[in-house]
Amino acid sequence: MTPRVKEILSWYGADNVGTLTNLARLLNHGRLGGSGKLVILPVDQGFEHGPARSFALNPPAYDPRYHFELAIAAGCNAYAAPLGFLEAGARDFAGDLPLILKVNDDDVLLAQADPNQALTAGVADALRLGCAAIGFTIYPGSSHQLEMYGQLRAYAETAKRHGLAVVVWAYPRGSGLSKAGETAIDVAGYAVQIAAQLGAHIIKVKLPTAHLEQAEARKVYEDQKIPIATPAERVRHVLECAFAGRRIVIFSGGAATFDDAALLDEIRAIHAGGGFGSILGRNSFQRTKPEALKMLASVMDIYQGAPDPSLVA
C-alpha cells in the first residue's frame with residue numbers, strides 16, 4: 001500500500017473494511033496501481049447507444065470478452081459494464097481485474113427532453129460477479145433527478161453495507177438546462193457536489209467548459225474571480241466542489257475521436273488540474289486493439305508524469 005493510496009482511503013472514514021478494501025483494489029490495480037490515478041474502461045454504450053453505433057467500427061468489440069481482454073492488456077484499473085456484458089465474461093476472467101457493475105441504464109429508442117435510467121441490476125448481482133463496485137448514473141437537470149437521487153442513496157446504502165464501492169456517473173442533462181449548460185463549469189461542479197453528498201466514492205463527470213449556466217452562480221464566479229479560463233483551472237475547481245478534493249473525480253473521454261493530439265491535450269489538462277484520471281470508452285474500444293493499446297499507454301504515460309504547470313495558468 002503506497003502512502004498516496006493510504007491518504008485517499010483516509011478520506012472515507014465512515015466506510016467499513018470491505019468497502020475500503022475494494023477501493024484499494026481499484027486504486028492498486030494495473031499500470032497506475034498505487035499512484036492514486038485511475039484509468040477505467042467503461043462499455044455501457046451497447047445498451048445506451050445501440051450495438052452498431054457502438055461496435056461496428058471495430059467488430060471484435062461486439063464480443064463481451066473483447067473488452068475484458070482490452071482492459072487487462074492495457075493495464076486499466078478496472079472495467080465497468082452493464083449486467084449482461086459482465087455475466088458473459090466474469091467467469092473466464094475471474095480475478096484478472098476489478099469489475100464495476102453498472103446498475104442503471106438508458107437507451108436512445110425514445111427521445112426524451114428529461115431522460116431517466118432504468119434499474120437494470122442490483123447489489124446482489126455485483127456480489128455474485130465478484131465486483132469491486134457498483135456504477136450509477138444521475139441526470140441533474142432532468143425532471144426525474146429527485147427520483148434518481150433517492151434510488152442512488154438506497155443503492156449506495158446497500159452496496160456499502162456489503163463492502164462495495166460506489167461510482168457515480170454525474171451527467172447534467174434535461175429540460176432544466178440548455179445544451180451548453182450540460183457541460184457548464186457551474187453545473188459540473190454542482191453535479192459533482194450532489195454525487196458526493198449522495199455517498200459516491202468515485203465520481204465521473206465530463207470535462208467542463210467555461211460557460212456559466214445559472215445566473216446566480218455566474219454572479220458568484222465573477223465577484224469571487226474564481227479561475228475557470230483554462231481546462232486545467234476548471235478541473236481544479238471541480239475538485240474543490242468534491243469536498244475540497246477529498247473525493248475521487250475522474251473525467252470522461254468525451255465524444256468519439258481519432259484525433260489523438262486533441263484527446264491527449266485534454267488528458268494533460270486533467271492531470272495538470274489535479275484530476276484523478278479518466279474513464280475512456282468509445283475512444284478505446286472503437287479503435288483496433290493495437291491502436292487502443294497505444295492510445296491508452298499514452299494516457300497512462302501522462303498520468304505517471306509530472307503535471308505541466310503551464311497548462312493551469
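Both faces of strand β8 are covered: Ile 202 and Lys 204 on one side, and Ile 203 and Val 205 on the other, are all buried (buried means under 20% relative accessible area, exposed over 50%, and partly exposed in between, with a 1.4 Å probe and protein chains only). Strands here are DSSP runs of E of at least two residues, helices are runs of H or I of at least four, and both are numbered from the N terminus. In a regular strand the side chains alternate between the two faces of the sheet.

The model is predicted, so local features need pLDDT of at least 70 and side-chain atom pairs count only at pLDDT 80 or more, while totals for chains, interfaces and linings use all residues. Residues are numbered from 1 along each chain as its sequence is written, and side-chain values use heavy atoms, with hydrogens and water left out.

Strand β8 is joined to β7 by three bridges, and the two run parallel (two strands pair if DSSP finds at least two bridges between them). Within this pairing, Val 168 has Ile 203 of β8 as its bridge partner. From β7 the chain crosses through α9 to β8, a right-handed β-α-β crossover; right-handed means that, with the strands pointing away from the viewer, the path from the first strand over the helix to the second runs clockwise. β8 also pairs with β9 in the parallel sense, over four bridges, and there Val 205 stands opposite Phe 251 of β9.

These strands belong to a closed barrel of eight strands with parallel pairing, in the order β1-β2-β3-β6-β7-β8-β9-β10. From one strand to the next the twist averages 25 degrees. Helix α9 (residues 185–197) packs on the sheet, touching β6 (133–138), β7 (165–170), β8 (202–205) and β9 (248–252), and its direction makes about 155 degrees with that of β8. Such axes are lines fitted to C-alpha atoms, for helices over the stretch in contact, and the angles run from 0 to 180 degrees between N-to-C directions.

Strand β1 pairs on both sides. β1 (residues 38–42) and β2 (residues 78–81) pair in the parallel sense over three bridges. Pro 42 has Ala 80 of β2 as its bridge partner, and Leu 41 stands opposite Tyr 79 of β2. Three bridges also join β1 to β10 (residues 277–279), again running parallel, with Ile 40 opposite Ile 279 of β10. Five of the five residues of β1 are buried: Leu 38, Ile 40 and Pro 42 on one side, Val 39 and Leu 41 on the other.

The loop between α9 and β8 holds His 201. This residue counts as buried because its relative accessibility is 1%. The side chain of His 201 reaches the backbone nitrogen of Val 166 at 2.9 Å, a polar contact (a pair of N or O atoms within 3.5 Å; within protein, one must be able to donate a hydrogen and the other to accept it, and residues adjacent in sequence count only if both atoms are side-chain atoms). Leaving aside neighbours within four places in sequence, the residues in contact with His 201 include Tyr 12, Asp 15, Lys 160, Arg 247 and Ile 248 (contact means heavy atoms within 4.5 Å).

In soluble globular proteins, nonpolar side chains tend to be buried together. Not counting residues up to four places away in sequence, Ile 248 touches Ile 8, Tyr 12, Leu 27, Leu 38, His 201, Ile 202, Ile 203 and Phe 276.

Ile 138 is found in strand β6. With a relative accessible area of 0%, Ile 138 is buried. Beyond four places in sequence, its contacts include Met 148, Leu 152, Val 168, Trp 169 and Ile 194.

The loop between α11 (231–241) and β9 contains Phe 243 and also Ala 244. Most residues other than glycine have a negative phi. Phi of Phe 243, however, is near 60 degrees, and phi of Ala 244 is near 55 degrees. Phe 243 counts as partly exposed because its relative accessibility is 27%, whereas Ala 244, at 65%, counts as exposed.
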